[in-house]
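Here is a short report for a reader who is new to this structure. Look over the model first, then read on.

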Amino acid sequence: MDALVNRRNSIAHGNFRSGVTAEEFSNWETKVSEILSVVTRLLYDYANNEKYLA
């Protein structure tokens, strides 16, 4: 997660100007997808089991 945020910050602040390779993009895409899946499962679990009431 930190690597993704650091990469984003480098691009946003103009420190990293070159593009990414197809392999890098695929790796980032996979990592982001995995993170989103975990977050989705957690949100579903909290809502389904009313853990937000605790």
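Glu-50 sits in the segment after α2. Helices here are DSSP runs of H or I with at least four residues, strands are runs of E with at least two, and both are numbered from the N terminus. Glu-50 is not a glycine, yet it has a positive phi of about 50°. Most residues other than glycine have a negative phi. With a relative accessible area of 45%, Glu-50 is partly exposed. Buried means under 20% relative accessible area, exposed means over 50%, and partly exposed lies in between (1.4 Å probe, protein chains only).

This is a predicted model: local features need pLDDT of at least 70, side-chain atom pairs need pLDDT 80 or more, and totals for chains, interfaces and linings use all residues. Residues are numbered from 1 along each chain as its sequence is written, and side-chain values use heavy atoms, without hydrogens or water.

## The chain as a whole

The protein chain has two helices and zero strands. Its radius of gyration is 16 Å, well over the 10 Å that the globule rule gives for 54 residues, so the chain is more spread out than a compact globule. That radius is taken over C-alpha atoms, and the rule is 2.2 Å times the number of residues to the power 0.38. Along the principal axes, the C-alpha atoms fill a box of roughly 45 × 25 × 10 Å.

How many of the 54 residues count as buried? The share is 2%. The accessible surface of the chain comes to about 4800 Å². Carbon and sulfur atoms own 57% of that surface. The areas come from the Shrake-Rupley method with a 1.4 Å probe.

## Salt bridges

The structure holds two salt bridges. Each needs a side-chain nitrogen of Lys or Arg within 4 Å of a carboxyl oxygen of Asp or Glu.

| Glu-24 | Arg-7 | 3.6 Å |

The Glu-24 and Arg-7 pair links distant parts of the chain. Glu-24 is in helix α2, Arg-7 is in helix α1 (residues 2-12), and they are 17 residues apart. Arg-7 counts as buried because its relative accessibility is 17%. Glu-24 counts as partly exposed at 28%.

In the other pair, Asp-45 is partly exposed, with a relative accessible area of 26%. Lys-51 is also partly exposed, at 38% relative accessibility.

## Along helix α2

Helix α2 covers residues 22-48, and Leu-42 lies in it. Leu-42 counts as partly exposed at 46% relative accessibility. Together with Val-38 and Tyr-46, Leu-42 makes a nonpolar surface patch of about 270 Å². Residues in patches have over 30% relative accessible area and no salt bridge; nonpolar side chains (Val, Leu, Ile, Met, Phe, Trp, Tyr) are joined within 5 Å, like charges within 9 Å.

Phe-25 is in helix α2 too. Is Phe-25 buried or partly exposed? At 48% relative accessibility, Phe-25 counts as partly exposed.

Ile-35 and Val-5 are 30 residues apart along the chain, and their C-alpha atoms are separated by 13 Å.
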